[in-house]
Amino acid sequence: MNSKFIRFTVTFFLLSLHLFSYAQFQVYPTHWWIGMKSKSLQLMIHHPEGVPDNIRIKQPGIAIKKIYQADNKHYLFVDLDILPTAKPGMYDIVFSNGKSIQYELKQREKSSTIHQGVRSNDLIYLIMPDRFVNGDPSNDQFPDLQDKVADRTNPYARHGGDFAGVISKLDYLKYAGVTSIWLTPVLENDMPRMKENIWMMSGYHGYWITNHYKVDKRFGTNQTYKDLVKAAHSKGLKIIQDAVYNHVGSYHHTVKDLPMKDWLNQWPSYTGPDHREEVFFDPHATEIEKKKMLGGWFVPHLPDLNLSNSYVANYMIQLNIWATEEFGIDGWRVDTYKYCDEKFLNRINAALLSEFPNLTVFGEAWTNTVPGSAYFTQNNLDVPFKHQIKGVTDFPLQSAIMDAINQPFGWTDGITKVYMTLAQDFLYKNPLTNCIFLDNHDMNRFFSMAGENLDKYKIGLGLLLTIRGIPQVYYGTEVLMKNYKDPNDAAVRWDFPGGWTSDATNKFSGSGRTTEENNAFEYFKILANYRKESPALTSGELKQYIPKNGVYVYFRISNKQKILCVVNTSSKEEQLYLKDYTEMLNGNETYYDVIKQLTLETKDNKIPLPSMSFQIFEIK
Ligand SMILES: [Ca+2]
Ligand SMILES: [Ca+2]
């Protein structure tokens, strides 16, 4: 061996050591853009062996404002200003030891079809991607992930559904009258199966995020997700992403190597929240119960983020802005909203709306009362803290609709619950921006709650698609998928029949559905498609009459259109006497039955109301 060769070998060895080491640098956000409204950017730089405590940036265009070395020397936080003179391209971050890494600033995408927001003329279809359609069996297993293989025989394991599957059903959804898709979280959940109660669960639902800058590769790549958003937009469909501000999976990179002592809300021993939102507005509440609600860990493997720590808050705000810009999504549904630091919630909402003015954000505030729901959105309440988000998921109305179809009529029972709930809309700044629903992935399926009774199903769906708010349906509702959360959530998250090539039936197709399922699908399709073009249903005023004998009458009125809806929850046929509604009608109208698609013959100025029925008329 000659000395030249030894020198070459040593140099190569040192060089590869250097390369190996520098490849371990991670910078979050992974890249950014020029032309953002806020010029501020806070980088979190991580290296498992430590980050030098000072940096400079070689190229002009980025100014360093502040450098902060965390308690944990593996992290460096750097506050930057992206100057108006910054150009898209690669920037060298040079450490005090002379070594450098690169950071990219990109050009923002300009398109009118991104970040559109959802409005009251939308219909949201909630999909759990693992359980919808398996469009790409090649991504069903990865030996390098903690939970390696999809297994459809196990209700608690992953089943293999993915982005390719959703893309393949966009036309089906559009045909059914859907305008927006809400996907449960799509980011990486690289966790082994964890014990919940007595069951070993996979993170198939997506709520155990381990990396916020990478989609889970069992769904596809970041590029496949962009392709899904593009494909949806090209068909006039919008995409809502599910965000989790409250917690991360216990295998998240910041949990494996905590940046600072108070990155998480810590307790001497496991402490969970009591799940009661009352502690935030109850004038008699105790401090400890509020503290547990904000800082308790949802379950032991979901560490609770300390969102009152400004570095945690910046990390979360930036990653959500990053995802909105990177993927072009139209809105966010925010999981576990009522468990998050309240000031943080207003801050992140303001930051998102500042960058994306049309974006929709609605919080999952699972509450028992209308004042409780109103508290977590823009409201007319006199309370010490004012939330600024535009809408919440409307749990009180969901509960009222279930009572309407299942309870006998009474002064405060049955359909009267819907009337009373809507009468309390005075507590909301704008009840039209609430997301309304019959069920979701955390609840018993609607068709089961309707006792598998098609008449009740039609009343529930009829109310959902004609009352105020932005309606959301859960995948499979249109083909009568059913079940209770027995023994747990997995029972209401069955695979959509026909989403896997080995399935015995295909309910995406009329020929694969039973007569009753086709009846339900047609009803769904007619109402959903009518709704999205109806000015009265989507933005008109709501006028409701006091329910009598189980009959509930309401009108939706815009300056272009007048609509009459009638629900009869009574066990016998009733009559609607038009003379009782002269405040809304002048007596010379014709009544177009939207569902039957024909003009009604009104004999003796009355409309017969079959037992357990929903009817909708466009008044001309
Ligand atoms: Ca797959
Ligand atoms: Ca929390």
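The chain has a mean pLDDT of 95, and 97% of its residues reach 70 or more; pLDDT is the predictor's confidence in each residue, from 0 to 100. Residues 8–20 have pLDDT below 50, and beyond near neighbours in sequence this stretch has one contact in the model (contact means heavy atoms within 4.5 Å). Where pLDDT is low, the predicted coordinates should not be read in detail.

A word on conventions: this is a predicted model, in which local features need pLDDT of at least 70 and side-chain atom pairs count only at pLDDT 80 or more, while totals for chains, interfaces and linings use all residues. Residues are numbered from 1 along each chain as its sequence is written, chains are lettered from A and ligands numbered from 1 in the order in which they are written, and side-chain values use heavy atoms, with hydrogens and water left out.

**The parallel sheet**

- Eight strands make up an open sheet with parallel pairing, in the order β18-β17-β16-β15-β10-β9-β20-β19.
- β18 (391–392) and β19 (435–437) stand at the edges with a single partner strand each, so one side of each has no neighbour in the sheet.
- Helices (H or I, at least four residues) and strands (E, at least two) are DSSP runs, numbered from the N terminus, and two strands pair if DSSP finds at least two bridges between them.
- Strand β17 (residues 360–363) pairs with β18 in the parallel sense over two bridges, and G363 has V392 in β18 as its bridge partner.
- Helix α4 (residues 222–234) packs on the sheet, where it touches β10 (180–183) and β15 (238–244), and its direction makes about 140° with that of β15. Axes here are lines fitted to C-alpha atoms, for helices over the stretch in contact, and angles run from 0 to 180 degrees between N-to-C directions.

**Calcium ion (ligand 1)**

- N134 (OD1), D136 (O), N139 (OD1), D140 (OD), G160 (O) and D162 (OD) coordinate the calcium ion (ligand 1) at 2.3 to 2.6 Å.
- Donors are N, O and S atoms within 2.8 Å of the metal (3.2 Å for Na, K and Ca); water is not among the atoms, so sites may look incomplete.
- The donor residues follow the sequence spacing N-x1-D-x2-N-D-x19-G-x1-D.
- D136 is partly exposed at 27% relative accessible area, whereas N139 is buried at 6%. Buried means under 20% relative accessible area, exposed over 50%, and partly exposed in between (1.4 Å probe, protein chains only).

**Calcium ion (ligand 2)**

- The calcium ion (ligand 2) has N246 (OD1), L294 (O), D304 (OD), D304 (OD) and Y339 (O) as protein donors, 2.2 to 2.6 Å away.
- N246 sits in the loop between β15 and α5 (253–256), and Y339 in the loop between β16 (331–335) and α9 (342–355), so the pair ties together parts that are 93 residues apart in sequence.
- Both N246 and Y339 are buried.

**Backbone details to look up**

- Most residues other than glycine have a negative phi, and most peptide bonds are trans.
- Y28 and P29 are joined by a cis peptide bond with omega of about -5°; P29 is in the loop between β1 (26–28) and β2 (32–34).
- Another cis peptide bond links D486 and P487, with omega of about 10°, and P487 lies in the loop between β20 (470–474) and α15 (515–533).
- E452, which is not a glycine, has a positive phi of about 55°; E452 lies in the loop between α13 (446–449) and α14 (454–466).
- N549 has a positive phi near 50° and is exposed, at 53% relative accessible area.
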